[in-house]
Amino acid sequence: MTYRDHLLTCPRCGTTLVRTTRHETWPCPACHGVAVEVGELIRLLMRYAPELLPPGTNRITTQPRTMSAPALRCAACTKPMQPEYLHGVEVDRCVHDEMLWFDAKQLDVAIDAAIADVEARRSWAQRLRDLLFAN
């Protein structure tokens with residue numbers, strides 16, 4: 001995608017985002033938000049925590065939310081992003097570039113919430129077995 005070839009700008013504070021070399025993420029050094037390509041988030045989840053993805057799928061499910069503030073502009077294409085929920089966390093998603101914007105600490109909160117969802121769906125017997133026989 002073309003956004004990999006030019007600098008991205010933070011939709012919150014206007015600072016130039018810094019592309020990480022290990023993953024396709026663009027953290028903001030000023031406000032600590034992060035832009036993540038949806039495909040890269042899926043690849044990371046499939047590698048490190050496949051149980052956080054819905055069963056039988058390789059996509060992230062979000063739910064629309066109502067806008068409480070003006071829409072953020074995508075860091076890549078500057079088009080308005082759609083506000084959505086990802087595991088109860090408010091995120092902004094660009095449907096054109098498939099980018100997600102997480103404000104500071106939101107990515108951590110979304111992952112923690114997804115892990116809690118998975119744990120809540122496990123039976124008490126599975127949790128007890130895992131606790132008793134953990135290394």
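At 27% relative accessibility, E98 counts as partly exposed (buried means under 20% relative accessible area, exposed over 50%, partly exposed in between, with a 1.4 Å probe and protein chains only). What you're looking at is a predicted model, where local features need pLDDT of at least 70 and side-chain atom pairs count only at 80 or more, while totals for chains, interfaces and linings use all residues. Residues are numbered from 1 along each chain as its sequence is written, and side-chain values use heavy atoms, leaving out hydrogens and water.

Back to E98, which sits in the loop between β5 (89-94) and β6. Its phi is near 55°, a positive value in a residue other than glycine. T78 is another residue to look at here: phi is about 65°, again positive although T78 is not a glycine. You'll find T78 in the loop between β3 (63-64) and β4 (82-86). T78 is exposed, because its relative accessible area is 52%.

Now zoom out. The protein has 3 helices and 6 strands (DSSP runs numbered from the N terminus: H or I of at least four residues for helices, E of at least two for strands). Going along the sequence, the order is β-β-α-β-β-β-β-α-α. Of the 135 residues in the protein, 37% are buried.

The largest cavity has a volume of about 40 Å³, counted as the space filled by probe spheres set on grid points joined across faces, edges and corners. Its lining is made by P11, A35, C74, A75, M81, M99, L100 and W101. Strand β6 (residues 99-102) gives the most to that lining, with 3 residues.

L41 belongs to helix α1 (residues 38-48), and its C-alpha atom is separated from that of M99 by 9.7 Å, although L41 and M99 are 58 residues apart along the chain. L41 is buried, as its relative accessible area is 7%.

Side chains of opposite charge can pair when their charged atoms come close. The whole structure has 5 salt bridges (a side-chain nitrogen of Lys or Arg within 4 Å of a carboxyl oxygen of Asp or Glu). In one of them, R43 meets E37 at 3.6 Å, N to O. R43 is partly exposed, with a relative accessible area of 45%, whereas E37 is buried at 8% relative accessibility. R43 also meets E40 in a salt bridge, at 3.1 Å, N to O. R43 and E40 are separated by about one helical turn because they are 3 residues apart in helix α1. E40 counts as buried too, at 8% relative accessibility. Shared partners join E37, E40 and R43 into one salt-bridge network.

Finally, take a look at R93, which forms a salt bridge with E84, the closest N and O atoms being 3.9 Å apart. Buried or exposed? Both R93 and E84 are buried.

Conventions
1 Å grid on protein atoms, 1.4 Å probe; cavity = no way out; pocket = protein on both sides within 12 Å on 5 of 7 lines; lining within 4 Å.
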